[in-house]
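Hi,

Here is the structure I promised to pass on. Have a look at it first, and then read my notes below.

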Amino acid sequence: NWINGEYIKNQTAEKLAEYVSIKNTSIIELVKSRTSTLVQLENEVKKIALPPKEYDSKSLKKHFKELNIKLLKEFFDNLKNSDESCEKIFNEVLEKNGVGIAKLAQPIRIALVGIAQSPSVIEVMKVLGKDEVLTRIEKDTDLDGKPDMFKRAGDTTFTRINDTNASFNLQKQKTELKDKKSEAKRDNSKK
């Protein structure tokens with residue numbers, strides 16, 4: 001596989017386009033260094049070129065906390081109402097909120113490709129273009145009333161992204177109930 005990987009890395013995107021079904025040379029160039037076989041290249045190109053059909057539930061649980069969701073909504077709203085590039089809006093949201101890149105990059109990446117692993121989210125947004133970025137975020141984060149990514153991942157822990165308070169209140173109630181049960185157990189064991 002190492003030899004295959006070196007061959008792929010040293011080929012032009014145009015040459016590699018002969019071997020994959022989606023001929024987008026910008027995406028091929030972006031992912032070719034991350035692959036060691038043509039099958040992997042094909043899968044990586046599809047992961048970016050096509051909207052996700054499903055979402056990695058572990059990525060969702062890890063990277064869709066209340067702050068991440070707030071930042072994603074802010075990014076979406078600012079991008080939708082601006083003529084600026086995705087990268088500029090991305091950096092403005094980070095600066096305004098004083099947070100690290102991962103707090104916003106991961107939820108965007110998941111909305112765009114369905115999982116928390118991909119090339120640079122800035123580069124992915126550049127190859128997709130602003131309109132596709134907005135479409136994927138809006139469609140898959142339930143900002144327009146369509147089924148959200150949590151449901152598509154089969155995850156019942158979360159509710160709609162627009163209803164974050166209800167979602168986090170439910171989690172809080174579960175934690176409080178668990179704490180009360182533990183406390184009652186301790187009290188009973190003391191008797």
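Predicted model: local features only at pLDDT ≥ 70, side-chain atom pairs only at ≥ 80, totals over all residues.

The largest pocket has a volume of about 220 Å³. Here a pocket is an open set of points on a 1 Å grid over the protein atoms alone, where a 1.4 Å probe fits and protein lies on both sides within 12 Å along at least five of seven lines; grid points are joined across faces, edges and corners, and the volume is the space filled by probe spheres set on the points. Its lining (residues with an atom within 4 Å of a point) is made up of Lys46, Lys47, Leu50, Pro51, Pro52, Lys53, Glu54, Tyr55, Asp56, Val113, Gly114 and Ile115. Those lining residues split into six nonpolar, five charged and one polar.

Residues are numbered from 1 along each chain as its sequence is written, and side-chain values use heavy atoms, leaving out hydrogens and water.

Now the overall picture. The protein chain has 12 helices and zero strands (DSSP runs, numbered from the N terminus: H or I of at least four residues for helices, E of at least two for strands). Of its 191 residues, 40% count as buried, meaning under 20% relative accessible area with a 1.4 Å probe, protein chains only; exposed is over 50%, and partly exposed is in between. Among contacts (heavy atoms within 4.5 Å) with a separation of 6 or more, 57% are between residues 24 or more positions apart.

Some helices, one by one:

- H4 covers residues 38–49. Its end C-alpha atoms are 16 Å apart, in agreement with the 16 Å that 12 residues should span at 1.5 Å a residue (the expected span is 1.5 Å times one less than the number of residues). Leu41, Glu42, Glu44, Val45, Lys47 and Ile48 are its buried residues. Glu42 has a relative accessible area of 14%, so this residue counts as buried, and beyond four places in sequence Glu42 touches Tyr19, Val20 and Ser21.

- H6 runs over residues 66–80, and its 15 residues should span 21 Å, which agrees with the 21 Å between its end C-alpha atoms. Its buried residues include Leu71, Leu72, Phe75 and Phe76. Ile69 is in this helix too, and is buried at 4% relative accessible area. The C-alpha atom of Ile69 is 9.7 Å from that of Ile108, 39 residues away along the chain.

- H7 (residues 86–97) reaches 17 Å from its first C-alpha to its last, close to the expected 16 Å. Cys86, Ile89, Phe90, Val93 and Leu94 are buried there. They lie on the same side of H7 because they cover an arc of only 135 degrees around the axis (taken from the directions from the helix axis to the C-beta atoms). Glu95 and Lys96 are exposed on the other side. Gly98 follows H7, with a positive phi near 60 degrees.

- H8 (residues 102–113) holds Gln106, which counts as buried at 12% relative accessibility. Leaving aside neighbours within four places in sequence, Gln106 is in contact with His63 and Ala116.

Cheers

Conventions:
Nonpolar A, V, L, I, M, F, W, Y, C, P; charged D, E, K, R; others polar.
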